[in-house]
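Dear colleague,

Please find below the structure for your attention.

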Amino acid sequence: MAGTAPPAWTPAKPIVQLVDVHKSFGTVEVLKGISLDVRKGEVICIIGPSGSGKSTLIRCINALVPVTSGTIRVEGIEVADPKLDKLALRRKVGMVFQQYNLFPHKTALQNVMMAPIHVLGQDRREVEERARALMRKVRLAGKEDSYPGELSGGQQQRVAIARSLAMRPDVMLFDEVTAALDPETVKEVLVTIRELAEDGMTCLLVTHEMNFARDVADHIYFTDRGVIVEHGPPSTFFTAAQDERTRRFLSQVL
Ligand code: ADP
Ligand code: MG
């Protein structure tokens with residue numbers, strides 16, 4: 001309605017809402033009508049075979065990839081709005097990738113401090129205090145002055161998580177953040193994410209870690225070839241999957 005302000009976002013509404021999202025690259029439709037909600041404090045896991053569109057989906061949420069049609073809202077912000085303030089969106093949405101891409105010539109602490117200082121222009125001393133607290137939170141106290149090359153993959157990934165948290169996001173997106181790690185360091189990263197979730201952080205994760213999904217997720221979505229084939233809480237998802245594709249996938253990974 002002309003002249004009417006959009007209804008204000010309230011915590012009772014989904015913090016992230018996708019409605020019938022489609023995405024094509026050229027003539028190839030990669031997302032074919034995805035709808036899902038993430039509510040405040042929820043942990044949502046997306047699983048599915050490689051190439052099913054999981055990364056594309058998660059990248060659409062923080063506007064790294066523009067959708068072809070459909071609606072994505074983050075706390076009421078329309079992500080597809082041509083006048084979208086990307087910085088405002090990305091302050092709300094933290095993202096961690098498989099590749100942690102830390103700055104190699106900066107220490108762990110400097111990596112965590114950079115965006116709040118250089119992107120947001122926040123006070124250095126205040127940011128440093130917060131960054132040190134975040135290093136403790138991801139269980140890396142004592143590694144503040146280490147360079148990325150001196151840290152294990154799992155430690156670097158936890159620095160990347162702390163770096164993302166330093167922007168004080170309301171929701172965190174994780175795209176297969178343990179997929180490139182040595183098995184022995186996967187667990188420490190999953191522990192960090194679990195602790196974040198227990199603190200109430202809203203998390204949307206693409207993961208192949210089925211035990212983690214079973215233990216930590218509130219809701220699991222299974223995607224295949226750009227559609228959500230099946231979804232439900234872990235209690236039913238793992239034991240009573242209805243769809244043949246889901247059952248086949250689970251039989252291969254469990
Ligand atoms: P997943 O994360 O589930 O493995 P992706 O979202 O990475 O799946 O990819 C889904 C499909 O989209 C794949 O076929 C991939 O090749 C294609 N795709 C992803 N990004 C691009 C892009 N930037 N340009 C063209 N095709 C892409
Ligand atoms: Mg992917």
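**Findings in the predicted model**

In this predicted model, strand β6 pairs with strand β7 (residues 171-175) in the parallel sense, over 4 bridges. Within this pairing, Met95 is placed opposite Leu173 of β7. Helix α5 (residues 153-165) packs on the sheet and touches both β6 and β7, and its direction makes about 165° with that of β6.

The sheet itself is open and has 6 strands, in the order β6-β7-β8-β3-β9-β10, with mixed pairing. The edges are formed by β6 (93-96) and β10 (227-232); each has a single partner strand, so one side of each is left without a neighbour in the sheet. On average, neighbouring strands of this sheet are turned by 20° against each other, direction ignored.

Leu173 is also among the residues touched by Ile58, together with Asp175, Leu204 and Val206, leaving aside residues up to four places away in sequence. Ile58 lies in helix α1. Ile58 counts as buried because 22 other C-beta atoms lie within 10 Å, the cut-off being 20 or more.

Helix α1 (residues 54-61) also contributes the largest share of the shell around ligand 1, namely 3 residues. The residues surrounding ligand 1 are Phe25, Val30, Ser50, Gly51, Ser52, Gly53, Lys54, Ser55 and Thr56.

Finally, an unreviewed UniProt entry places the feature "domain: ABC transporter" at residues 16-250. Over that stretch the chain is 37% helix and 26% strand, with the end C-alpha atoms 27 Å apart.

Key: Residues are numbered from 1 along each chain as its sequence is written. Chains are lettered from A and ligands numbered from 1 in the order in which they are written. This is a predicted model: local features need pLDDT of at least 70, side-chain atom pairs count only at pLDDT 80 or more; totals for chains, interfaces and linings use all residues. A residue is near a molecule or strand if its C-beta atom, placed from the backbone, lies within 6 Å of it. Helices (H or I, at least four residues) and strands (E, at least two) are DSSP runs, numbered from the N terminus. UniProt positions are given in the numbering used here, feature names are shortened, and annotations may be inferred rather than shown by experiment. A residue is buried if 20 or more other C-beta atoms lie within 10 Å of its own, exposed if 12 or fewer, and partly exposed in between; C-beta atoms are placed from the backbone. Two residues are in contact if their C-beta atoms, placed from the backbone, lie within 7 Å. Two strands pair if DSSP finds at least two bridges between them. Axes are lines fitted to C-alpha atoms, for helices over the stretch in contact, and angles run from 0 to 180 degrees between N-to-C directions.
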